[in-house]
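I opened this notebook to record what I looked up, topic by topic. I begin with the core, then turn to the strands and the ligand.

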Amino acid sequence: MAEYSYVIVGAGIVGLSIAMHLAKNNSGTVLVLETEKDVAEHQTGHNSGVIHSGLYYKPGSAKAKNCAEGREAMYNFCKEYGIPFDRCGKIVVATLPEELPRMAELEKRGIANGLTGVKQLSKSELKEYEPHVAGIAGLFVPQTGIVSYKDVCKVYQRLILEAGGEVRLGCKFISCSRDNNGLAIETNQGKINASFLVNCGGLQSDRVAKACGVEPGVQIVPFRGEYYDLVPEKNYLVKNLIYPVPDPSLPFLGVHLTRMIHGGIEAGPNAVLAFRREGYKLLDISIRDMFGLALSPGFWRMAGKFWKTGLGEFHRSISKKAFLKALQRLMPELQLDDIHPGNAGVRAQAMTPDGKLVDDFHIVQAERMIHVLNAPSPAATASLAIGNTIATMVLNNSTKSPVKVVA
Ligand SMILES: Cc1cc2nc3c(=O)[nH]c(=O)nc-3n(C[C@H](O)[C@H](O)[C@H](O)COP(=O)(O)OP(=O)(O)OC[C@H]3O[C@@H](n4cnc5c(N)ncnc54)[C@H](O)[C@@H]3O)c2cc1C
């Protein structure tokens with residue numbers, strides 16, 4: 001049996017960042033377990049690629065703190081390792097009078113979260129930033145940028161290996177139990193002994209926690225985010241990033257237009273309940289996942305609250321015309337032929353037993369374990385800050401010497 005000081009489940013951006021911080025600390029051996037054949041195959045490799053500013057988050061929340069710290073760390077990291085990025089700024093566009101107070105609130109939040117240079121834009125000033133946008137007012141946020149988080153993860157992976165750590169691909173975590181020497185971990189590639197486990201399993205994180213004998217206190221609900229791509233001839237319509245004013249009752253930002261760092265413009269994502277945790281397509285269905293939701297009273301409470309929004313999102317999922325209509329609020333000249341279906345990502349959204357969607361990061365500690373159970377946007381932006389914080393928690397809590405080999 002192998003022996004490691006720290007085993008991290010999940011080679012998404014959060015797991016890799018924690019592993020990188022631990023490996024660089026040189027206090028023990030590090031192993032990352034990843035089911036897929038490559039890193040960043042789920043949320044991290046299927047997102048909008050935005051380095052968020054921190055405009056939206058409740059001041060004082062873990063999201064707000066980690067986003068501000070992580071954003072600047074991400075820009076510096078990209079500079080240091082030659083990862084392409086662009087600190088291009090973004091605009092938030094109000095299209096209806098009732099959105100103006102919400103936009104003013106956003107500006108206040110941004111300032112409370114330490115953003116400088118946020119600028120209110122009149123209808124005509126909006127056009128200076130994005131000539132094809134339609135709105136009655138806007139906000140310009142200079143700190144926002146774009147990057148490929150897959151590129152970032154490749155560098156995290158390389159740094160883990162260079163620091164003596166290991167990333168084992170195609171290796172699925174199955175279960176974990178405590179014994180006298182530490183943790184006995186079962187995988188599809190055999191048994192591993194470890195002193196400490198960190199669960200960063202994203203869409204499977206609640207199940208990973210349960211398989212460690214830990215009650216997660218939340219259930220993961222998968223929300224698919226679908227994108228359309230602008231046809232290349234229409235890319236000129238979008239200079240950088242164009243966002244609507246978000247609905248504060250929902251944890252999602254609304255469909256936006258995003259310039260991608262490797263070229264092209266994406267429109268989306270919507271937020272549709274997925275019938276499978278890794279359900280990237282409408283007809284991806286898992287009976288286990290659907291039963292898991294159907295048997296949860298919290299799910300029905302949530303559905304009771306958001307059924308109208310949910311139906312609207314489902315309609316936008318099956319109707320290109322409905323999706324276009326949402327985009328035309330921001331850019332009326334977009335036409336059906338200007339967009340075609342693109343990628344999709346699935347968000348791992350934690351829900352409490354009483355049906356509330358957890359807004360902030362949610363971490364559960366147990367003996368010799370840390371479980372990351374809600375790491376929604378901006379966790380990719382904030383990955384260096386989250387990784388540093390959790391690695392410090394691990395170092396403060398773990399038995400530092402590696403476990404003994406159990407024959
Ligand atoms: C559509 C969409 C758009 C987004 N846009 C942005 C954005 O623009 N900016 C931003 O900052 N954030 C964005 N986010 C959020 C961001 O992508 C996530 O917060 C972040 O990627 C979470 O990383 P993670 O490592 O926790 O999860 P993941 O990337 O999902 O990684 C979890 C990993 O665990 C592995 N795993 C699961 N179970 C097991 C097991 N049993 N054994 C081994 N491995 C296992 C999975 O295969 C997976 O690789 C977006 C998310 C989505 C879905």
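**Core**

I looked up the largest nonpolar core: it has 46 residues, and Ile-8 and Val-152 touch the most other members. A nonpolar core here is a set of buried Ala, Val, Leu, Ile, Met, Phe, Trp, Tyr and Cys residues joined through side-chain atoms within 4.5 Å. Buried means under 20% relative accessible area, exposed over 50%, and partly exposed in between (1.4 Å probe, protein chains only). Several elements supply at least two residues each, among them strand 1 (2-9), helix 5 (149-162) and helix 10 (383-397). Helix 1 gives the largest share, eight residues. Helices (H or I, at least four residues) and strands (E, at least two) are DSSP runs numbered from the N terminus.

I noted that this is a predicted model, in which local features need pLDDT of at least 70, side-chain atom pairs count only at pLDDT 80 or more, and totals for chains, interfaces and linings use all residues. Residues are numbered from 1 along each chain as its sequence is written, and side-chain values use heavy atoms, with hydrogens and water left out.

I then followed Ile-8. Leaving aside neighbours within four places in sequence, its contacts (heavy atoms within 4.5 Å) include Ile-18, Leu-22, Val-32 and Val-198. I also found a second, separate core of 29 residues, which includes Leu-31, Ile-192, Leu-197 and Ala-274.

I traced an open sheet of three strands, in the order 3-8-4, with antiparallel pairing. Strand 3 (50-51) and strand 4 (85-86) stand at the edges with a single partner strand each, so one side of each has no neighbour in the sheet. Strands pair if DSSP finds at least two bridges between them. Strand 3 and strand 8 (residues 145-147) have two bridges. Ile-51 has Gly-145 of strand 8 as its bridge partner.

Elsewhere, strand 19 (residues 362-366) pairs with strand 20 in the antiparallel sense over five bridges. Ile-363 stands opposite Val-372. Two residues lie between the strands of this hairpin, where Arg-368 takes a positive phi near 60 degrees.

**Ligand**

Which of the 36 residues around the ligand come nearest? I listed Glu-34, Thr-44, Phe-173, Ala-375 and Thr-381.

A backbone N or O atom of Val-50 lies 2.9 Å from one. A polar backbone atom of Phe-173 is 2.9 Å from a ligand nitrogen atom. The protein covers 96% of the 1,000 Å² of accessible area that the ligand has on its own (Shrake-Rupley method, 1.4 Å probe).

Notes
Near = heavy atom within 4 Å. Polar contact = N/O pair within 3.5 Å; in protein donor to acceptor, adjacent residues only side chain to side chain.
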